[in-house]
Structures are given as structure tokens and as C-alpha cells.
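Here is a short briefing on a ligand site and a helix beside it. Have a look at the model first, then read on.

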Amino acid sequence: MKPIPVNVPKLDGNEVKYLKEAIESGWISSEGPFVNKFEQQCAERHGRKYAIAVSSGTAALKCSIDALDLSAKDEVIIPSFTIISCVTAVLESGATPILVDCDPKTFNSSPEQIISAITPRTKAIMLVHIYGLPVDADPVLQIAKERDIIVIEDAAETIGLKYKNRPCGSIGDVSTFSFYPNKHITTGEGGMVLTDDDQIAERCIGARNLCFNKSRRFRHDRIGWNFRMTNIQAAIGLAQLESLDQTISRKHWIGKQYNKLLENCPCVQLPLPETYYAKNIYWVYPLVLKNCSSMNATDVMAKLDALKIGTRPFFYPMHKQPVFHKMGLFNNQSLKNSEQLAEKGFYIPAGIGISEEEIQKVAKSLIEILNS
Ligand SMILES: *Cc1c(COP(=O)(O)O)cnc(C)c1O
């Protein structure tokens, strides 16, 4: 039986054409023209003044937080149910991460959960859109504005999705994308910072390129990194951006197929098709085992693996990470929804390259496992 990987990307637009152009022109480093083109079109599509290409989503978060010039007394509110890059970027800046729980149905932190964590020391709030639905941002944005709190938006998983009528990536004072192969635009590895703020943009542009002094190369006034995106990556990214609308409709279609096929699947919570502020883009197709199931996610994933069907477990909550406990962080924190999701949640193959037959086979196998 042919394996069904958890994600297969699709590279059938202008990717090869642009790559050929990049190679034939001799421009393969970050100095090549596709980097600018990709940035400009990304900025335009998201209605932003600046788009700054970097080497990963993690690097985009790192540059963004670095640009805010935070200090140890500053608190940054972050969801616990997310990827570690969000927290490490804040820790490395010297600021204090404050973790909040998420909603068990949307997997996102709710405005109430975020707002109740605000203190006089809150300097920034990181909104992370999880698994295909955006954070209900407006109530948070309103308070942030009143209290002069910076909003960072991690839109890695929701490229192409709209919150109400605004594209994800246009909501934060600074927003970030990842272009890892399971994201809606991929460059193999890559990321982007988006902002309208001149100072944040300038600092991110510096930080991605070792913070070379503008008037004297090899002189440095700040610490920077090599987070540059290559022309080869940007060539692929530009082609991917051109296909984004098709990618999004395909993702909706994949989600709808599973919704129909798994409608009567016992003891499992399916993703919400929509909320009042957004339609699910199904970045992944997330499933949560209900209490009536005697299995946890690990059991079901092992059974799917035996059938060569790829899966991934949900995030492991940040407040439960051994590495942070060793650093003396979050030791006694308890955030029940995140903990429950980590144990009961997993996702099944739903990458843009999946076929209808594969979707049917995954659904059929899953139903059999859950009925057994
Ligand atoms: C994928 C992802 C990242 C990290 O992106 P990389 O490109 O893998 O570094 C950051 N945040 C979220 C929410 C992600 O899903």
C-alpha cells in the first residue's frame, strides 16, 4: 500500500520557470531580484507597507521581537498552545513570557483569556492563529490600542485566510509568516515579517543581515543574524504566492471532504467549519478524541501509522516543556484546555497535494479504528 504522508506540497505553477530564471541569471544569493519581487507582492497582497523576507518563520518571530527593544520588566502574552519559536523569541529578547490557555473548540486563545492576563507591565501581545482559524482579534486590538500595547501576529498557519474582511498578516503591528512546506506558501524553508512601521521594518532589515552599519560595512552597532532568504527560495515563493487563491480553495475543499466523510465518526471532535469572524482554512485537519473514546491520540496515531497513514500530534503546551522547567519557568502553571488537547489531539493528511482517493482512504481507516 502506498504511504499517505501527513503533508505533500504542490509546486506545479511557475516554480520551475522562475527557478530556471534564477539559476540561468547566476543570481542565487539573497541579493537576487526575486527576493524584492516576492517581498513587494507579499506586501501588496496583504496591504502592508513592508514585507521582509527571512530564512524561516522562527527567524521572522525573532527579528520582530528583537525590533521591539523589550526589557526584563516587560511582559509578553503568548498562547501556551503553540510552537516553541514564539516563546524562545521572547525569552531571547530578555522579556517575560506570560502564557495563556486556549479555547478547546477553536484551539486559539480567546479574547477573554488574553485580556485577563494583561497587567500594567504588559508590553506586547502575541496573537497566534492556530490550525486554520484566526484569533478573534478585534476585542484584543481595541484594548491594546487603549493601553499602548504592541500586537505581534503569528500568521504562519493562516496565510490566505481572512479575519472578518482583513487578511491574516495585516492585523498585527508586526506580523509573521512561515514558508515551511506545510504552510500555504512554501519556499522549502523561509519566512516573512510584515509591518507598516518604519522603525520596526528598519530594525528587521538590519537584524536579518548581521546589522551591518549602513555607512560602514563590517561595523556593527547592534547584534544581528544571518536570516537572509536566497533568490532561489524567493523564486519558488513568488510562484507559490501566485497560486495562493487556488491553494486556499483546495484547502477548503479538502476540509469539506473530511467533514462529510467523518460526520458520523464516533467519539471524535471535528474542526469547526466556521465562526462568526472567519471560515476555517483547514491548515491541518485537526481531530480531538472525546471522553467516550477509550483511546488517546497516541493509540490512534500508531494504528494509522501501521496503515502507512501519516499523522502529527497536537502541540505540546509551552507551560509543560521540560526545557523551560529546567530554566525555572512555568513550573506550577496549569492550563487545562491546552493539556487536554495535547493528549487527545492529532491531525491527519490534508496537505495541498492530497488526492480525493487518499482522503477517502484516510477517512475509512480512521472510522474503522475508532469503531474497533
Ligand atoms: C510553522 C510555524 C512557525 C515556525 O516556522 P518555521 O518556518 O518552521 O521556523 C511559527 N509559528 C507557527 C504558528 C507555526 O505554525
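A residue is called buried here when its relative accessible area is under 20%. With that cut-off, eight of the ten residues of helix 3 (residues 57-66) are buried, so this helix is largely enclosed by the rest of the structure. Please keep in mind that this is a predicted model.

**Helix 3**
- The buried residues of helix 3 are Gly57, Ala59, Ala60, Leu61, Lys62, Cys63, Ser64 and Ile65; note that a lysine is among them.
- Where helix 3 starts, the backbone nitrogen of threonine 58 has a side-chain oxygen of serine 56 within 3.3 Å.

**Where the ligand sits**
- You will find the ligand in the largest pocket.

- Glycine 57 takes part through its backbone: one of its polar backbone atoms is 2.8 Å from an oxygen atom of the ligand.
- On aspartate 154, an N or O atom of the side chain lies 2.6 Å from a nitrogen atom of the ligand.
- Serine 178 places a polar side-chain atom 2.7 Å from an oxygen atom of the ligand.
- On its own the ligand has 380 Å² of accessible area, and the protein covers 91% of it.

Conventions:
Residues numbered from 1 in each chain as written. Predicted model: local features only at pLDDT ≥ 70, side-chain atom pairs only at ≥ 80, totals over all residues. Heavy atoms only, no water. Buried < 20%, exposed > 50% of the residue type's maximum accessible area, 1.4 Å probe, protein only. Helix = DSSP H or I, 4+ residues; strand = E, 2+ residues; numbered from the N terminus. Polar contact = N/O pair within 3.5 Å; in protein donor to acceptor, adjacent residues only side chain to side chain. Areas by Shrake-Rupley, 256 points an atom, 1.4 Å probe, with all protein chains shown as cover. 1 Å grid on protein atoms, 1.4 Å probe; cavity = no way out; pocket = protein on both sides within 12 Å on 5 of 7 lines; lining within 4 Å. Sits in = over half its atoms within 2 Å of the grid points.
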